[in-house]
Each structure stands twice: as C-alpha cells, then as structure tokens.
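Take a look at the chain below. The report that follows covers strand pairing and salt bridges.

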Amino acid sequence: MPRHSIAFPIVVSGPSGAGKTTLVDRLLAADPLIHRSISTTTRSPRAAEKEAVDYFFVDRGRFEKLKQNNELIEWAEVHGHLYGTRKAYVEEQLAAGFDVLLNIDIQGGDRVKREFPGAVMVFILPPSFADLEQRLRARGDLAATDFSVRLAAARVEISASARYDYLVVNDDLERAAGDLRGIITAERCRRERTAADVVKRLIE
C-alpha cells in the first residue's frame, strides 16, 4: 500500500544525453509506489513490446478522436508517429495511490502541470554543455544534421528549466539517483499532501 493517500504525478524532463532515462529507470526500480505512465502511440509494436505494458497501441484515427475529446493531457508527433498521455490512465493510477512518473519534454510537462497543479517537476541537467556534447557524440548514432538539431534543442530546453521545481545535475549517476529519490521522499512528506490524512488518524 502507498505511504500516503495523496499521490501525485512526477514529471522528469531534460535534454537528450542528460541521462534522464537511466535515472528514471533507477527510481522506478527502487520505489514500487511509483508507476511509469504508459503512453498511447500510433507506432506499430516492436518485437518484444506488449499492449498496456509498453504502450497503448492505436491507429491514427483513434488517436485523433482522443485529441478531439480532450482525453489526452499532452501529445507530440515524433518521426511521423503520434504519442500522448491519456488523462484517464493517470487519474486511475493516482486514485489507486500510486505516484505516476512521466518522462516527457518541456511542452508536455507544462501541460501536465496545468492539468495537475500538484505535479512535481524535475529537470535533469548535464554537468556542462561540453559534457552533453561528448555524451551525444559517444552514442555514435547521430548524423551531423541530427547532432546539430539535438544541441540546438538542448539549449532551448535548458533555458526552460526555470519553470521546474527541482534541478538535478547528473554529474555522478549514484548521487543524482539519490537526489531524485530524495525529492520524491520530501514531496511525500509535504504538509499539504499529508496533513489531513495524518491528523485525521491522530484525532479519531
């Protein structure tokens, strides 16, 4: 059972190469009270992917209906495929007492914050821009044009980090992972999240 009855969305954003996916995976493995948000996509499933585990797979027509009916908190088109977060799925997880983690871009993060004002916003930063460039080059899977696009996008994203509640500098993976866990622990102890539940038990 969750520690508190008031669960909340957790938005994790950051530029490509900052290491946010690795940190998110570590957080999810360490805390069973956090569920990863499952995106809805028009992309076809890959070999090992499963419906309602990796993604909710729909055709483009169904996705468009979800948009028209305002059933998506946020959505984006990536490489010709649509991806989005269903509001009903997030609400179901929160109602069950699980915090919901969304690894999304800054535009998606803004939309989540508008829909759920209590969402916790965490931005992952590289220790320096030079380090970010080195990490992207080390991947070896980006063409020169894609590399330049990623760097330009990173500057825009980093400049928007002021809109987030917390900044985690990923200069050391273990320390950064510990910082991220500490943020969630602190948020669960916030008075406005726990007071009503705790006080009620004490005075009954």
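Which residue in β6 stands opposite A76? Y83 does. The model is a predicted one.

Strands β5 (residues 72-78) and β6 (residues 81-86) pair in the antiparallel sense, over six bridges. A76 faces Y83 across this pairing. E74 stands opposite T85. Two residues separate the strands of the hairpin. In the turn, H79 has a positive phi of about 50 degrees.

## The sheet

Four strands make an open sheet in the order β4-β3-β6-β5. The pairing is mixed. β4 (56-57) and β5 are the edge strands, and each pairs on one side only. Strands of a sheet pair through backbone hydrogen bonds, either parallel or antiparallel.

## Salt bridges

The whole structure holds 15 salt bridges. One joins D25 and R36, at 2.8 Å from N to O. It links distant parts of the chain: D25 sits in helix α1 (residues 20-30) and R36 in strand β2 (residues 34-36), eleven residues apart. D25 counts as partly exposed at 35% relative accessibility. R36 is partly exposed too, at 40%.

D99 and R188 form another salt bridge, with their closest N and O atoms 2.8 Å apart. D99 belongs to strand β7 (residues 99-103) and R188 to helix α7 (residues 173-188), 89 residues apart. Both D99 and R188 are buried. D31 joins D99 and R188 in a network of salt bridges.

D165 meets K113 at 3.9 Å, N to O. D165 lies in the loop between α6 (144-159) and β9 (166-169) and K113 in helix α4 (residues 106-115), so the pair ties together parts 52 residues apart in sequence. D165 is partly exposed at 42%, and K113 is partly exposed at 28%.

Technical notes:
Residues are numbered from 1 along each chain as its sequence is written. This is a predicted model: local features need pLDDT of at least 70, side-chain atom pairs count only at pLDDT 80 or more; totals for chains, interfaces and linings use all residues. Side-chain values use heavy atoms; hydrogens and water are left out. Two strands pair if DSSP finds at least two bridges between them. A salt bridge is a side-chain nitrogen of Lys or Arg within 4 Å of a carboxyl oxygen of Asp or Glu. Buried means under 20% relative accessible area, exposed over 50%, partly exposed in between (1.4 Å probe, protein chains only).
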